[in-house]
Amino acid sequence: AGQDEAAAYDNAVNLILKSREYDRAIPAFQAFIQRFPNSEFAPNAHYWLGQLLFNKQSWAEAEEQFQIVSNRFSGSTKRPDALLKLGVIAERQGNTSSARDFFQQVISQYPDSSARKLAESRLSGL
């Protein structure tokens, strides 16, 4: 099952990175998450799916994926980026208070992350 799992994840990622077939990548990640909900790749799969939905401005669906990364996979290296995206979504929806909270969380919890600089920049623009 491990090879099958890795192959399914790689196939979904390659739809983005190699063939740039973003619309096909969305169902590929959804299928991966459904089949392998506890995979070591699950946090990244949720993040990628969130990013694809974010790019389509499907805010509620993107927010759901980033919340999963943030809440269910709190040890994931994708968590600071997911929190940053949650802040950006809140900002785009006009929820400045929530956006500020997410950006502050990135800055305080992940001071050494690349997301911190982006969070600081966004925060100063609010």
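Tutor: A residue is called buried when its relative accessible area is under 20%, exposed when it is over 50%, and partly exposed in between (1.4 Å probe, protein chains only). This is a predicted model, in which local features need pLDDT of at least 70 and side-chain atom pairs count only at pLDDT 80 or more, while totals for chains, interfaces and linings use all residues. Residues are numbered from 1 along each chain as its sequence is written, and side-chain values use heavy atoms, with hydrogens and water left out.

Student: Why is arginine 20 called exposed?

Tutor: Arginine 20 has a relative accessibility of 53%, and the limit is over 50%, so arginine 20 counts as exposed. Its place is the loop between α1 (2-17) and α2 (22-35), where helices are DSSP runs (H or I) of at least four residues, numbered from the N terminus.

Student: What makes the phi of arginine 20 worth a remark?

Tutor: Its phi is near 55°, a positive value in a residue other than glycine. Most residues other than glycine have a negative phi. Glutamine 57, in the loop between α3 and α4, is not a glycine either and has a positive phi of about 60°; at 54% relative accessibility, glutamine 57 counts as exposed.

Student: How do you know whether valine 88 is buried or exposed?

Tutor: Valine 88, which is found in helix α5 (residues 79-92), has a relative accessible area of 5% and is therefore buried. Not counting residues up to four places away in sequence, valine 88 touches Phe54, Phe103 and Arg122, contact meaning heavy atoms within 4.5 Å.

Student: Why are α3 and α5 called roughly parallel?

Tutor: The axes of helix α3 (residues 42-55) and α5, lines fitted to C-alpha atoms over the stretch in contact, with angles from 0 to 180 degrees between N-to-C directions, cross at roughly 25° and come within 11 Å. Angles under 35 degrees count as roughly parallel, over 145 as roughly antiparallel, 65 to 115 as roughly perpendicular and the rest as oblique, so α3 and α5 are roughly parallel to each other. The contact is made by Tyr47, Gln51 and Phe54 of α3 together with Asp81, Ala82, Lys85, Val88, Ile89 and Arg92 of α5.

Student: Is serine 76 buried or exposed, and what makes it so?

Tutor: With a relative accessible area of 12%, serine 76 is buried, because that value is under 20%. Serine 76 is placed in the loop between α4 (59-72) and α5, and, leaving aside neighbours within four places in sequence, serine 76 is in contact with Pro43, Asn44 and Val69.

Terms used: Helices (H or I, at least four residues) and strands (E, at least two) are DSSP runs, numbered from the N terminus.
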